[in-house]
Every structure is written in C-alpha cells, then in structure tokens.
Amino acid sequence: NFIVMEINKKTYIKEENNFYKGMRKYFGRRIALYCVTGSLSYDQIILGWSDIDVLIVIKGKYNKTMFSYIEDLRRKSKIKIGITMYTQEEFLSETYKDPKTHRSVFMLHKGIYVPRIISTLLKVELVDIFDMETVEMAEASMIVHDIKRELLNLPDYNEKKILKGIYTIMKIICQRKGHFPIGYEETARCYKRLFPNYSFIITPQTIMQNKLAPGLRTAKYFEFLNNIINNKYAQFHRSKK
C-alpha cells in the first residue's frame, strides 16, 4: 500500500534538513562528505514512493553510540532516509565502495549531485572504466538474484524493491551504451530508444494508482527477468566508439 497522505515536496526538504542539522550537531567537522543523492537531488521526487538518500563520509572510527544516534535521527523522519556511509579510510579505498557509490561519485563529477559538505582533503575519484564494467556486472547479477528471491514470496513480495531493481538494471544497460539517464521516466525513454521493440511500461505511478492489475504487473516482471537472462533486450557489453 503506497499512501501519499499529506507528504509533499516541502516535507522531503524539511526532513532532509532536519537530518542534516542532526548530523552536523553530532559530527561537526568530522563530516568529510555529506551529499543528498537520488530523486531529491535532481528534483524528481515521486510522492509516497521516493526515499531520501544520503551519501556520508566521516572522519574517525565507527562505534555503537554513533550508529544509535543516526538510527534515532532516521526514526524521527516522516520519510524513510537511506544512508550510504563510509569512514574516510573506506571511501579512499576502492575495496569497500559499492556500485551505488560509484554511480554517486560519477554524478558528483557531472555536477548533478551537489554536496552540502565536502572536505578539500577528500579525493573523489572516478573508478577506471574497466573496473566499472566489473562493478556494474556484479551489481546487475546481484539485482537479478534479489528479484528472483522476491518473486519467490508471491503474492506477498516487495514490489517496490523489484521495480527499483529493474530500473537500476535498465540504467546500467543505458550507461553501457553511452547514455546516463536519471529518474524513472528518463530511464524508460532511454531504454525504449535502445530497444524499440520492447518497452517496460510499469512505473511507480502504475503501482501506486493500480493502473495495471497486480497479476499483469507480475507477468511483466517475469518477462523482464527472462529477457535479461536470455540477453534479448539487455545486452551488457559496452558500445564501441
């Protein structure tokens, strides 16, 4: 059940600002990077669907008090806050960064994500293109497995998780072809241009407004999954220039 209630764009801005102030109060100058990512950063919020996503890099070590404080801040928010957090040592090492973070770093370089805080001593470097291909393939593989695990929970699966996973795969495929869409609509349009004979028609609004019956949506998820596995409309190789 996706209920918008009285949440609007101002609610997102207010809740993120409250979280930011709370982080500043606790960490102060120990924050090396604080950046809002995802739909809020590029002003494409889907009310009742979008979360608030934040990338944070801190100086120092993790401890129980720190995690308890951050979790308390999250609980106070009317909107779910998704946190990707690193110590400075982790962030400077390629060993620990996940695919989502590599994508965020790319968006930082493109100027799409604008950090609230960034230390002059923090090097935000793009991963090598060949390493990125490996990262993307690993991410796509994990998402496919996650989608299958969710579909095993029919009829009580997490449909939001499935749809987010599908659109992430679509973004990866678009990126492999030299396109870098943001948001659901732009990603769907890019995918349709790449594969005119196939379009994935389900959006968050389709689910929230029940524009397509649940059974038909489920059939579309299986169709996409099979296309990915059979490599029909999801070639993962990078286009040659």
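Buried means under 20% relative accessible area, exposed means over 50%, and partly exposed is in between, with a 1.4 Å probe and protein chains only. Helices here are DSSP runs of H or I with at least four residues, numbered from the N terminus.

This is a predicted model, where local features need pLDDT of at least 70, side-chain atom pairs count only at pLDDT 80 or more, and totals for chains, interfaces and linings use all residues. Residues are numbered from 1 along each chain as its sequence is written, and side-chain values use heavy atoms, leaving out hydrogens and water.

Let me take helix H7 to begin with. Which residues of H7 are buried? They are Gly183, Tyr184, Thr187, Cys190 and Tyr191. Seen down the axis of H7, these buried residues fall within an arc of 135 degrees, so they line one face of the helix. The arc is taken from the directions from the helix axis to the C-beta atoms. An α-helix has 3.6 residues a turn, so residues three or four places apart point the same way. On the other side of H7, Glu185 and Arg193 are exposed. The buried residues of H7 pack against helices H6 (159-176), H8 (204-208) and H9 (214-230), where contact means heavy atoms within 4.5 Å.

Next, asparagine 153. It sits in the loop between H5 (129-151) and H6, and is partly exposed, with a relative accessible area of 39%.

Last, helix H4, residues 99-110. Its buried residues include Pro99, His102 and Leu108. Just after H4, glycine 111 has a positive phi of about 80 degrees.

Note on methods. Helix = DSSP H or I, 4+ residues; strand = E, 2+ residues; numbered from the N terminus.
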